Every structure is written in structure tokens, then in C-alpha cells.
Amino acid sequence: MMKLSVMPRALTRREAVFGLTASAVTGLTATPGMAANADLHEQVGARVRTLVNGRQITLRLLVPEGSGGNVAPVIAAFEALSDVKIVVSEVPVDELNTVFSLDALSHSRSYDLAVSATFGLPNLVATGAIMPLDQYAERHEPAGYRDTILYRTGDSFDGRVYGFQTDGDAYLMFYHKDMLEDEALRGAYEDLYQTPLQPPLTWEELDRQMAFFHDPQAGRCGGALFRNPGYLGWEWWIRFHAKGIWPFADDMTPQIQSEAGVLALEEMIRATDSLCPKAGQMGLFENWERYARGDVYCNIGWGGTQKYLNRPGSPMRGRMVHGPTPGGMVDGALLITPYFNWGWDYVVSSDCVFAEIAYLFALFASTPEISTLAVRQKDGFFDPFRPEHYEDSQIREVYTKAFLDVHRASLEQAIPDLYLKDQSAYFNVLDTWLTRALAGDVRPEEALERVAHRWQMITLDAGLEDQTRRWRDLKAKYPAAIRRVLRDHTA
């Protein structure tokens, strides 16, 4: 069996889009110290060649724009070992799940599989866009294969397996080291608040620090937290959980319109005054570019944010302190609720003619050796999600050990996203009314009451009994330490 070695450079987007020939790969060695299944990627390649049996087969893969550097070495290695051709198409990050769903609904068969946003997996299942993979998992996956993945809640829905995690997206905080260590600013902050200036542990502390640093006349912004529709709901979701309240009661009655929910929104509205002027218009990549200028105290983001900011030549390289998302004080104790709010999965189209081969590609991509190759790439935003990734010297160079320590701790204790049927409907309504409240069009109380009312209708449309069961199952997937603290608002 041929041995592959790591490609010495990150691949360009053009190379990823148009595919790499097998000759582009000279090999791949396992990361030192890897445990069982060290040759699983080679076994997968052999199984695919058996299934192909000399035929010319092409799989069409849909990926989010910006991830070409991640998937290119995966494709090159798979083509070299399997004799299957992979053709890649890219679409904007925020459009991928929609494009993939529309393709399935129209039976256009433009794509065989996709790297889809994890939070959209319930919707992809509901529309029939993707197929369950249980039968193939039973046939090909080693026993306990997925157990070592640090976050795997987003790979399944309604008790069936639909995907392979390929990205560990726990929300994290970024702080400007120079501002934190500026002696004059430290002294002024301590004089004003009678407490040292250090990375905040609570949202109250973060909001206070952003307000302190925000000084447009001095050329400083307090923060670059997202305020654009589609993203801002995530911050409120963490702020709300940090109050110690479940978003739904056990019978799926919304609890977000409670005093805790209103307070979280009021705090978020006040904090908006300390953000960059165009925070409400910046998408993912615009946010990274804005923070990279070096005049903003804090930002919120993922490992992909760190890759961008830590790249050679970045004005922020070596000038950041990292921390988990802030928490809140509940019954006198600090509650921090890290949040897995994005991530990417490999999923297989329900119309895929070569479904088993597509599944095997996804398995291949998630193996320790191959996924390490993907995460290593500087030109991409796939982040560590397996223990092996954190020990890899090249990954440590790309991210820094300090970042990876915070990232792993957050990933292992992350609360899951709202993996219920019609997840996007719940969050679209939330984003709509949060936006209106931030603009001053409605009072926070009214905004959240409107959301709660609409959520009840979404739940009924999805089926109250089924949705209640899903919520019960999802609650059980929250980290135990967090489950013990969260309560109903009437308790």
C-alpha cells in the first residue's frame, strides 16, 4: 500500500475548485503518537477501489467558499488511493445549505455530497436533502470510531446518523493584548472600577470593558461583535443561557420572554453602543478584516478567525489574548456556557447514485490522519475537533498553543445548538425581533414575547409530541455541569 506524505504548502482555492491529480500528492504520514486505526484511510481507499471495480466514477462535492484549502489535500489523497475523481463547487458560506437543499428538492443531482453547516442538519433532514448513513456506518466504521470526536452532537438527528464532523466551531473571545497590558489604561480602569483589568469572566465585565475602551476620538473601538442578522442571535443565546435558564420548559413552552431573557437583551442593546460603527453590516470575512486593523479591543469568533488573524503578516499576529465566551453568576457561582454554533459536516445527498462511495469519502475525510491534513491548512477555516489535532506541531503553529488550550476546553464543554426540526425558523424569528429591538423599534419585552409566540406556532407545526421528545433528548446532550445549573424560570 502506498504511503502518502504531507503536502508542504496550503493549496490555492483554484487548485481546490478544479481538483488535484493524484500526482499532486506525494504522501501522508500519520501524526506521531496516533492510536488505533492508524491506517484507516488506506483501508477506506482499498474498499472504494473494490466498489469502483475499474469504473470511472466522479463525485461532485459542494463546499463553503473559503474552505478550498481545507478540502484540497483531502481530495488529493482520496483520488490517489481510490481511483475516484472529486469535482468541487464553492458557494458563499451563508448560502450553502440553501443551495444544497434546493438541488435536492429539484432533483437536479448537481451534487453528491456537501460540507454543510452543522446547525442546518435538522432542516436538511426535514427537506429530504440528505440520507441517513447508519447502514454504511455499521458496515465500515470501526467500533467506537466516533467516540473520540470532541463534539459529535451535530452528526445525528432523530436517532440516525447523517454526517461526519469536520470542523470544531466553539465560539471564543479575542482580546487585544496591547490594550490589556497598556499601563496607563490599566491604571485608569482600576481607578475607575476598583478592580484589575484582565480578561472578563462574565458578560457584565465584558460590557464594562468594551465601554471603557470605546473611544472613537482616540481611534479605539470597544468591540467587533456581530450585529448582522443571522449572527447576532448567537450572542443573545449565550447571554441568556448564562442567566441559568433553559430556553424551553420540558413541554416546549418558551422561557426566553422571562426576566432573564429581557435582561440579556437589554444588556446586549447597551453593549452595541461600544461596538464598531458598522458591526450590523459586517459578515464573517468583513468582521475578520475589521478586527485585523488592530484598533478594536475585543471580538468574538472561531478557530477560523484565529487562522486569519494569526497568519503571517497579520497586524494582530501575536497580539491577542484568548478566552471562553463570558458567563454569568447564578446562585453565587460562575456559570460559563461555551457554545457550538456553527461547524461543518460532510453529508451525502439523498439523490446520490454512488451513496456508499460518497459515505466512504466522508469517512476518509474524518480519519485522524486526513482530518489533520485538512485542519493544518492556513488557507481555510476548518478547526480542530479530534484530540490528535491538538498535538500536531503544524496545527499548533497555525493556531498557537494558547489559543488551542482555550479552544479545546470550550469544545469539550460546549452547549449544543438548537438541533430541533425547523431550527432555522426558530432562529430566523429570533434574529428578526432582536434586530428590531436593537434598532429601537420595539421594547425588549415586546420583542421576546413576539418571538415566544411565534416559537409556539413553529413547535405546533413541527409536531408538539415529536418536538418535545427532541428537546428532551437535546437537553440530555448539554454538558452535565451545565445541566445541573440550568433551571426553569418558574422554579
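Modeller: Let us begin with the term cavity, which here stands for a set of grid points where a 1.4 Å probe fits but cannot get out. Please keep in mind throughout that this is a predicted model.

Colleague: With that definition in hand, how many cavities of 30 Å³ or more does the structure hold?

Modeller: The structure holds one cavity of 30 Å³ or more, and the space in the largest cavity comes to about 80 Å³.

Colleague: Which residues line the largest cavity, and how do they divide into nonpolar, polar and charged?

Modeller: Its lining consists of V93, D167, D169, L284, W288, W302, G304, W342, W344, F381 and D383. By class, seven of the lining residues are nonpolar, one is polar and three are charged.

Colleague: Turning to charged pairs, what is the general idea behind a salt bridge, and how many does a search of the whole structure find?

Modeller: In general, side chains of opposite charge can pair when their charged atoms come close. In this model, a search of the whole structure finds 25 salt bridges. One of them joins E235 and R227, whose closest N and O atoms are 2.5 Å apart.

Colleague: Are E235 and R227 buried or exposed?

Modeller: The cut-off for buried is under 20% relative accessible area. E235 is therefore buried, since its relative accessible area is 3%, and R227 likewise counts as buried because its relative accessibility is 7%.

Colleague: Where in the chain do the partners E397 and R317 lie?

Modeller: The side chains of E397 and R317 meet in a salt bridge at 3.4 Å, taken from N to O. This pair links distant parts of the chain, with E397 in helix 17 (residues 393-399) and R317 in the loop between helix 13 (303-309) and strand 10 (320-324), 80 residues apart. As for accessibility, E397 is partly exposed at 47%, and R317 is partly exposed at 35%.

Note on methods. Residues are numbered from 1 along each chain as its sequence is written. This is a predicted model: local features need pLDDT of at least 70, side-chain atom pairs count only at pLDDT 80 or more; totals for chains, interfaces and linings use all residues. Side-chain values use heavy atoms; hydrogens and water are left out. A salt bridge is a side-chain nitrogen of Lys or Arg within 4 Å of a carboxyl oxygen of Asp or Glu. Buried means under 20% relative accessible area, exposed over 50%, partly exposed in between (1.4 Å probe, protein chains only). Helices (H or I, at least four residues) and strands (E, at least two) are DSSP runs, numbered from the N terminus. On a 1 Å grid over the protein atoms alone, a cavity is a set of points where a 1.4 Å probe fits but cannot get out, and a pocket is an open set with protein on both sides within 12 Å along at least five of seven lines; lining residues have an atom within 4 Å of a point. Grid points are joined across faces, edges and corners, and a volume is the space filled by probe spheres set on the points. Ala, Val, Leu, Ile, Met, Phe, Trp, Tyr, Cys and Pro count as nonpolar, Asp, Glu, Lys and Arg as charged, and the others, Gly among them, as polar.
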